[in-house]
Structure formats: structure tokens, C-alpha cells
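My notes follow the model below.

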Amino acid sequence: MQVQFVGCGDAFGSGGRYNTCFHVTGERVNFLIDCGASSLPALKRLKIVRDDIELVLITHFHGDHFAGLPFLLLDAQFSRRTRPLVIAGPEGIDLRLTQVMEALFENSSRTKQRFDLSVVTLRPEETRMFGGVKVMPFPVVHGESGGPFLAYRVEAEGRVVTYTGDTEWTEMLIPAAREADLFIAEAYTYDKIVKNHLSLKTLEMHLPEIKPKRLILTHMSDDMLGRVNELAHTAATDGMSVEV
């Protein structure tokens, strides 16, 4: 199984990076985790075939994780997509998707798609299956607006990938990421405590409990990007691919 970091930036595009979007592929799976505002051009830059994507998992409703969906759906409509697509995310995703589509492309939410589109609500600690993809959402802490906020533990093809989403430290990250084959973790700052976000030093305190097999840092601010060459951990870059 392969994970490609289509975009790994923060909301401010620090370092010129695209918004959050991870592409997971295997012999029988093809899905995205998050779809930030810049995701469609990032997907096209990497020549990723959007028609093959079967599922999009959304962690929360901030624009750098969610606002690429209207562009993705518009592209699907005009490229004459025929394969079904599932979009799954926190409670309220059906209303939020309608709102963002209408805000960006008026009447687009009422346009009949040429393909079957399913919008599915994911609830914390309730497992859902999407074909060969098993998804366990965990509640995380990222403020009040733009939520609910979820981290995902995803199992597919015998591998476990966990993504924190945007969050400050919460004990829920321990079961979410315990012994994951790949743990993708926000590291917004190095050691500075910023409300609703995770610092690398805070994360490192808990790694002995989590014991991930591999850790990759994402959603880094300028503070973190200035230290990338000093880090003991792998830092994501746009376009980077890893085998899981």
C-alpha cells in the first residue's frame, strides 16, 4: 500500500505547500484523506487519476481540509466521471458540503451528478467499512468552529494508517495510533504550545505509549519548517510517497 502526500501544508500555505490531502492506494483501495482548498491542482500536478478515487475521508470542516470538495466534484462532473464516489466525514457533513458548494458555485449542489455520490456521516468510535477500507474515527480537540473534529485509524490490505487531523494533545490519540504501520501526525510547532494544535515536543512525550512503526510529521508552521533539517523524524513534503 502507498501513501502520497498530495498536500501537507497548514492553513497559511507555509513554505508554499498545498493544503492537506493524502492519497492512499493499494491493490484494492484508492481513497483520499482530507481535501483542502488547493487539492485539485495538487492532484493534477501529480497526475493522479481522480476517476479512480472511490472514497474521501474528511477530518473536519476548515477550508484547508475540506474546501477542495466543490472543485473535485465540479471536475468530476465535467470530466464525465462514471464511477461511484463516497464522501465521509463528521456529523453535519451533508449540510456543510451543500453550503460550501453553494458558496463557491451557486446551484452546484442541486445539479444532478452523472455518477452516484454518497455522503456518509462518521461518528466517533463507530467503525465503518467502505469496501476494503475499515475506518475508526476518534474525537480530537481543535476548538469549537469547524467541527466535529476527527482523527482516523484506517485499516486496509493488512496495514494501519492513522492521521491525527488538526488537534491539540488528547489521550484519544493513543488508541487511535497505537502500533500503527504509519502514523501521520500534526506537528504545527516545535515546542511552543498553541491552543488547538499539536507541538512536536508534546507528541514526543507520548510516542513511547503509542509505539508507531513509522511516524511522519505534517501541517507544519514556518517555525517547524525552519527546523526540518534538525528533526529526528521524517517530515512530509508535497508529492512525497511512502510504502506502508
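**Sheet notes**

I started at a residue pair: Phe130 sits opposite Val133 in β8. Strands here are DSSP runs of E with at least two residues, helices are runs of H or I with at least four, and both are numbered from the N terminus. I kept in mind that this is a predicted model, where local features need pLDDT of at least 70, side-chain atom pairs count only at pLDDT 80 or more, and totals for chains, interfaces and linings use all residues. Residues are numbered from 1 along each chain as its sequence is written, and side-chain values use heavy atoms, with hydrogens and water left out.

Next I looked up the turn. β7 and β8 make a hairpin with 2 residues between them, and Gly131 in that turn has a positive phi of about 60°. Pairing of two strands takes at least two DSSP bridges; β7 and β8 (residues 133–139) are antiparallel over 3 bridges. Met129 faces Lys134 in β8.

I then moved on to β9 (residues 150–156), which pairs with β8 in the antiparallel sense over 7 bridges. Val135 stands opposite Val154 there.

Last, I checked the whole sheet. The sheet is open, has 7 strands and mixed pairing, and runs β7-β8-β9-β10-β11-β12-β13. β7 (128–130) and β13 (234–235) are the edges; each has a single partner strand, so one side of each lacks a neighbour in the sheet.
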